[in-house]
Each structure stands twice: as C-alpha cells, then as structure tokens.
Amino acid sequence: MKDELKNYIQSHKNQFDDHSINEVDKLALWEKISEQLPETPKKGIPLWKKASFRVAAAIVLLFGCLFLYFNTNKTAGEYDMVSDEFRQIDTHYKSLVQNQIQLVKTSANLSKQEQEAFLSHIDTLDKEYIKLKKELKQGVNNQLIIEAIINNYRKKIQLMEDLLRRSYPVQNTADDGELIL
C-alpha cells in the first residue's frame with residue numbers, strides 16, 4: 001500500500017505544487033480543525049474555596065479598615081480643632097481689616113498717593129497671609145503659623161490705625177478736656 005501511495009504522489013506531484021489556498025479558505029479550514037480539538041481546562045488554584053484563605057482575607061480586611069478608621073479620625077480631629085480655631089480668628093480679623101480698609105478708602109483727609117501706598121503695603125501683607133495659609137494646610141507646626149497669621153492681621157490693623165491717626169487732625173475742646181478725632 002505504501003508503494004501505491006508513493007506512486008500516486010509522484011505521478012500527481014505537479015497538482016500538489018500548483019494548488020494554492022486563499023486566506024478565507026485557510027481560516028475556514030482552521031475553524032473546522034479547532035472545533036474538533038479537545039478543550040483544555042484552565043489551570044488555576046481556587047483559593048477562595050479554601051476556608052483558611054477566607055479567614056486570612058477577612059483578618060487582613062479587618063485590620064486594614066481599623067487602621068484607616070483610626071488614622072483618619074486622629075488627623076481629622078486635630079485638623080478640625082485647628083480649623084475651628086483658625087476660622088474664628090480669621091473671621092474676626094478679616095472683619096476688622098475690611099472695616100479699616102473701607103475707612104481708609106473713604107477718608108477725605110488722605111491723598112490718593114497715601115491711599116495707594118497704604119494699599120500696596122496691605123497687598124504685601126496679603127501675599128504673606130496666603131503663604132502662611134498654605135503652610136497651615138500642610139499641617140506643620142500649626143500653632144506657630146496661626147500666631148504668624150494673627151501677627152499679620154495685627155500689622156495690617158496697626159498700619160491702618162496709624163494712617164488714620166495721621167490723617168485726622170486732633171481737635172481739642174476746652175470744655176471737657178476731651179480729645180475728639
């Protein structure tokens with residue numbers, strides 16, 4: 001039988017060499033072959049089916065949650081305390097500064113040059129305030145930063161009070177011995 005097959009192949013050799021298959025036929029042929037191939041099961045270790053793995057995962061999850069809970073509450077509590085204290089101080093001093101700035105802007109006794117010079121000093125102090133506020137958000141030595149912010153506000157108020165004192169003439173009344181500004 002081998003001889004017959006060999007003779008057949010030799011006699012029809014030209015036909016075997018000339019036959020070409022296009023891509024569509026190749027894909028169709030491979031699809032038929034792949035359908036007949038046995039499916040190989042995917043190898044994997046189902047860890048979630050083991051009780052020891054479930055217990056270990058639960059413990060890790062519990063410790064992770066506890067760590068996050070205590071770490072978050074600790075930092076949030078410290079920041080809230082600083083935040084509330086800072087918010088009260090900031091609100092108080094901002095209102096004082098705004099009132100003083102309005103007095104300076106509406107003062108008829110101050111020249112435009114004096115007002116502009118004053119406002120440029122206030123702008124410089126405002127830039128310093130913004131830097132201090134950024135440092136406060138970083139949380140490094142909050143007490144010193146809050147004191148620096150308070151001093152910044154005090155400088156602003158002192159500048160305004162000095163400017164307003166110089167701009168309003170002092171009147172002396174002989175009746176009561178009081179000074180009127």
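Predicted model: local features only at pLDDT ≥ 70, side-chain atom pairs only at ≥ 80, totals over all residues.
Which residues form a nonpolar patch on the surface? In this model, Val-55, Ile-59, Leu-62, Phe-63, Leu-66, Tyr-69 and Phe-70 do, with about 730 Å² of accessible area together, where patches take residues with over 30% relative accessible area and no salt bridge, and nonpolar side chains are joined within 5 Å. Areas follow the Shrake-Rupley method with a 1.4 Å probe, and a salt bridge is a Lys or Arg side-chain nitrogen within 4 Å of an Asp or Glu carboxyl oxygen.

Residues are numbered from 1 along each chain, and side-chain values use heavy atoms, without hydrogens and water.

The chain has 6 helices and 2 strands, running α-α-α-α-α-α-β-β from the N terminus; these are DSSP runs (H or I, at least four residues; E, at least two).

Turning to the largest pocket, its volume is about 150 Å³, a pocket being an open set of points on a 1 Å grid with protein on both sides within 12 Å along at least five of seven lines, and lining residues having an atom within 4 Å of a point. The lining includes Lys-94, Asp-123 and Tyr-153, and divides into 5 nonpolar, 1 polar and 4 charged residues.

Tyr-153, in helix H6, counts as buried because its relative accessibility is 2%, the limit being under 20%. Tyr-153 and Tyr-93 are 60 residues apart in sequence and 6.2 Å apart in space, C-alpha to C-alpha.

Note on methods: 1 Å grid on protein atoms, 1.4 Å probe; cavity = no way out; pocket = protein on both sides within 12 Å on 5 of 7 lines; lining within 4 Å. Points joined across faces, edges and corners; volume = space filled by probe spheres on them. Nonpolar A, V, L, I, M, F, W, Y, C, P; charged D, E, K, R; others polar. Patch = residues over 30% accessible without salt bridge, like charges linked within 9 Å, V, L, I, M, F, W, Y side chains within 5 Å. Buried < 20%, exposed > 50% of the residue type's maximum accessible area, 1.4 Å probe, protein only.
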